[in-house]
Amino acid sequence: MSNPIPTQLFDRFGRKVDYLRMSITDRCDFRCVYCMSEEMTFLPRDQVLSLEELYTIALAFTELGVTKIRITGGEPLVRKGALELLARIGQIERLHELVLTTNASQLATMALPLKNAGVKRINISLDTLDPAKFKAITRTGDLHQVKRGIDAACDVGFERIKINSVILKDRNHQEVVDLVQFAVDKNIDISFIEEMPLGIVSHHDRSASYYSSDCIKADLATHFSLLASTEKTGGPSVYYKVQGSQTRVGFISPHSANFCNTCNRVRLTVEGRLLLCLGNEHSVDLKEIIRANPGDMDLLKQTILAAMQIKPEKHEFNIHEQPIILRHMSVTGG
Ligand code: SAM
Ligand code: SF4
């Protein structure tokens with residue numbers, strides 16, 4: 001008799017993996033300068049996992065002890081059928097947290113259906129409060145539409161809303177105080193992210209744009225008292241509480257404060273590649289497995305278990321060199 005399949009994922013460094021980030025599309029209505037190049041070639045339809053395949057993989061992971069799934073992209077809400085998929089995944093009993101990362105362009109109409117689908121928390125990308133800068137950074141985005149989306153999300157009352165801001169020197173670093181004030185006024189959280197060198201981007205020098213979390217903290221200290229917090233939300237953010245408010249400010253610092261030793265996550269690209277690390281190419285093709293063996297859940301789970309053995313110890317990002325990781329964040333499922 002074969003051994004029973006374990007119900008929890010561990011990698012070879014003893015890290016428990018209980019968090020899956022699923023990209024459900026590589027497409028997006030924006031073209032943020034740090035994420036995509038202006039001209040992108042998107043995947044042909046037959047290379048993209050179907051909604052059914054995405055659901056099957058989500059189910060397999062929950063049977064292997066994953067309790068948190070983040071739906072992301074590309075822009076997840078531009079995928080047709082996204083709401084139905086979220087609602088199905090939201091009903092998986094073993095899943096404790098279904099969360100979403102979005103650029104908010106569709107939130108004005110989709111916030112309530114998302115809440116009803118079981119989405120508990122939302123991360124919203126917002127790098128600037130200046131409409132012209134917003135257009136320049138996203139290339140196609142409309143700040144007013146995004147703000148309407150944020151307001152709709154606030155009205156609906158998710159358990160938590162967090163703004164994610166990628167800070168680039170001389171593009172938006174001057175706005176960190178305003179962005180925190182925006183979060184305080186809306187009674188939501190905010191995290192600042194150091195840019196990661198994923199994929200070749202045009203019109204933008206990553207080395208020259210690097211602005212460290214320490215610089216941001218120093219800028220914020222001129223206006224706010226940030227109280228260190230031991231709180232963790234299962235991610236790489238280090239949190240501070242803004243004194244006199246409910247707002248938490250997080251710092252995601254892949255360059256200045258490596259967080260790999262507590263890594264608890266893996267990523268699924270919409271092509272079906274299981275990525276074991278954001279900053280390495282180690283991956284396993286799950287699409288091949290499920291298309292060649294439809295309905296064989298045990299084989300899918302065994303493949304995922306085996307993949308844990310090649311999860312790298314840490315990323316090797318170097319902002320001053322050409323990226324060694326050629327996939328863009330939009331493909332990675334950031
Ligand atoms: N479209 C959605 C959004 O923008 O929130 C979800 C996908 S997007 C790839 C997820 C997150 O990755 C966003 O917060 C975005 O700012 C961030 N991101 C994209 N490219 C990045 C890079 N090179 N370095 C750091 N963060 C990046
Ligand atoms: Fe689209 Fe999000 Fe990438 Fe911006 S960061 S281009 S919104 S996927």
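1. The second largest pocket holds about 340 Å³ of space, where a pocket is an open set of points on a 1 Å grid over the protein atoms alone, each fitting a 1.4 Å probe and having protein on both sides within 12 Å along at least five of seven lines, and the volume is the space filled by probe spheres set on the points. This is a predicted model, in which local features need pLDDT of at least 70 and side-chain atom pairs count only at pLDDT 80 or more, whereas totals for chains, interfaces and linings use all residues. Residues are numbered from 1 along each chain as its sequence is written, ligands are numbered from 1 in the order in which they are written, and side-chain values use heavy atoms, without hydrogens and water.

2. The lining of this pocket (residues with an atom within 4 Å of a point) includes Asp-26, Arg-27, Arg-45 and Lys-80, and divides into six nonpolar, one polar and five charged residues.

3. An open sheet of mixed pairing is formed by 12 strands (DSSP runs of E, at least two residues; two strands pair if at least two bridges are found between them), in the order E9-E10-E11-E8-E7-E6-E5-E4-E3-E12-E13-E14. Its edge strands, E9 (226-228) and E14 (283-285), each pair on one side only.

4. Within the sheet, strand E3 (residues 19-23) pairs with strand E12 (residues 265-268) in the parallel sense over four bridges, and Tyr-19 stands opposite Arg-265 in E12.

5. Ligand 2 is surrounded by residues with a heavy atom within 4 Å of it, among them Cys-28, Cys-32, Cys-35 and Asn-103, and this shell divides into five nonpolar, two polar and one charged.

Notes. Nonpolar A, V, L, I, M, F, W, Y, C, P; charged D, E, K, R; others polar.
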